[in-house]
Structures are given as C-alpha cells and as structure tokens.
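Have the coordinates open as you read.

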Amino acid sequence: MSPSRRAILGASLAAPVFLPGLARAQAWAPGRPIRLIVGFPPAGTTDIAARLLSEPLGRRLGTQVVVENRPGAGGNIGNDVVAKAEPDGLTLLMQTISGGAINYALYGARMPVKPEDLAAVALMLRVPNAIFVNPQLPVRTLAELVAYAKARPGVLNHGSSGAGTSLHMTGELLKLEAGIDMTHVPFRGAGPMLQEIIAGRVEVGVDNLPSVIGHLRDGRLRPLAVTTKERSPAMPEVPTTAEAGLPGVEATAWFGVQAPARTPAHIVKRISDEMNVIIREPDMQRRLADLGGMAPNLTPDGGTSPETFDAFVKAEITKWGEVVRRSGARVE
C-alpha cells in the first residue's frame, strides 16, 4: 500500500463516528418556551412533580418550562390537550398512573385518547400511596379501620382526588381485599379532598405520599399504612399494607413525561436524556426522597429511557385494566 493510501485510511479510521440520531438529539433546542401540562389542580403530587422538574429542565434546554394546570376527568383533559398539540417538543405532559393507565379501562369508549396518541419520554419518580384517617376517627391501625368499617357497612366515606386516579383505585382495592363497604367521594384534586378530611366531613383518605406527608407529620391526619412492598424512608414508622394483613392492596403511583405521538425521536431522546441527568442530581434526589419518592429504576443504572418507559406504561395499562374489571369501578 502506498504512503498516500495509508494516510487516507488512517485518517478515516481516526475520524469520529457520526451518529445522526445522537447529533440531532444534542443539537435540538426548543427556541420557545415549553408548556408542561398537568391534568390536575395545583398542590397535588402531579403538580409538585411538574414544578420540581420545570426549572432544571428549562435550564438544561435553554428555555422556560411553564407548568399549565388543565384539571378534569381524572387527568383526561390534560391527555387530550397534549395528544392534539403540535409534535414539536414544545408541549409535554406530566403523566400519571391514572391518566396513563387506569383511565383506559375505567372510561372505555369515552376515553378521549388512545395509548398510541402519546409518546413515552421518561419516568420521573414513583411514590407510595398512603391510607389515612381523620384523627377523630377511633382507629389507629388499618386492621382497626377494617373492623370499624365492617361494623358500619356503607357509613364511612373514602376520598380521592378524582374518579380513575390511583387513589380511587387503591380505595377500591382496599374494599375488595378487606371485604368492607365504604362510599367513594371523588374531588377535583388532592387539595380539596384533604381539606374535607381534616375538617371531618370525610373520614378516610388515600393520597400520594408527597402531597399529604406534611399533614401526616404534623398530626392533622393519622397515617395507617403505605401501599408499597417496603416502608417509605420518608415515614419509616408507618407500616405497609402487607404488614397490616392486606398484601393485595399494593399500588405504586408514578409520574413521568409524555409527548404528542409523532414527536421526532431525536427530540424525545434529548428531553429524556436531560431528565436522566436531572433526577440524578443530589439536590433533586434529596427533595424527592423527602417527599417519599423513589427512583425510576427502569434501566440497569436506575434511570429511564423512552423505550423502557413505554414498556412500563403498557404493563401498567394491563395491570390496572384487570383491577378495574375486578372492582366493577365506573365513572358517571
């Protein structure tokens, strides 16, 4: 081989490999503010998660991320807004277990979107649900609540932040597994529900731990159990439902970002990659842990990706479809 040919070959081998998808993901910049749609009112866990994410995500993408609350129909209004938005990365959805999984079975033909209308970006966190009561109710354990409810069928009310939410379905699971009869009272968000339980007008509540943890810590509400397999490090004194004798009452709420279907893959990857960096930052991990949040754990390194989040959502749709079928839950 001549020296000139060796030089050309050497130069080509030394040149960096060009990966079009990676280059586009790194090059994409929003150019305009991004709307992060929340399908629930302010103060609930979905809103808390969105506001925790908005500032660091905007900083990393070089723009402002504006949280926009579009509450209603258990998150379905927010789903619809994002599904119909331009697929340009400028409209995102803070998705939940209810809007992203439960509602497809609960609303059936009335569901305004299909799973394929939304593209998975990244899972942000998982959180336990907490079962709690007004402190004036004479029960201190989950077993005591079950006994109290069995002695008074149909008398107690259990609140949730809306029909179709994981809070609603956790209450339905509790009734199924414990064999008790309570009346479900849906509210338009966690804030109004908590106010009614603190006031004593509703006796029992189920909420995501982050939005209720302050009330549990200050004694305005009494925790009975968390619905995850392990106790929450944020409230290690509170037993799990399994420890309380009801292992079938297991529910882990989750919060992640979705985009309109047809959003280009390189845009989805850029946002997902930035979220992976953000959820690993020590300050973010401390803030999420203090609220009872757990890491995504969808990838071997504990993170998330569009592909793993998509598979996770599909599995959740199947799981909660069966719970809805068993419970006979419906929305009016």
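Which residues of the largest nonpolar core touch the most other members? Of its 85 residues, they are L53, M94, M124, L145, L174, I271 and W320. A nonpolar core here is a set of buried Ala, Val, Leu, Ile, Met, Phe, Trp, Tyr and Cys residues joined through side-chain atoms within 4.5 Å. Buried means under 20% relative accessible area, exposed over 50%, and partly exposed in between (1.4 Å probe, protein chains only).

Before going further, note that this is a predicted model: local features need pLDDT of at least 70 and side-chain atom pairs count only at pLDDT 80 or more, while totals for chains, interfaces and linings use all residues. Residues are numbered from 1 along each chain as its sequence is written, and side-chain values use heavy atoms, with hydrogens and water left out.

Back to that core: strand β4 (residues 118-133) supplies the largest share, 10 residues. Helices (H or I, at least four residues) and strands (E, at least two) are DSSP runs, numbered from the N terminus. If you pick L53 and skip its neighbours within four places in sequence, you'll find it in contact (heavy atoms within 4.5 Å) with L36, M94, M124, V257, M275 and I278. There's also a second, separate core of 16 residues, with F187, L209, V226 and A234 among them.

Now for a helix pair. Helix α5 (residues 97-107) packs against helix α7 (residues 166-178) at an angle of about 55 degrees, with the axes 10 Å apart. Axes are lines fitted to C-alpha atoms, for helices over the stretch in contact, and angles run from 0 to 180 degrees between N-to-C directions. That makes α5 oblique to α7; under 35 degrees would count as roughly parallel, over 145 as roughly antiparallel, and 65 to 115 as roughly perpendicular, with the rest oblique. On the α5 side you have I97, S98, I102 and L106, meeting S166, H168 and M169 in α7.

Finally, the loops. S305, between α11 (282-290) and α12 (306-327), is buried, with a relative accessible area of 15%. Most residues other than glycine have a negative phi. A43 has a positive phi of about 90 degrees; it sits in the loop between β1 (34-38) and α3 (45-61) and is partly exposed at 49% relative accessibility.
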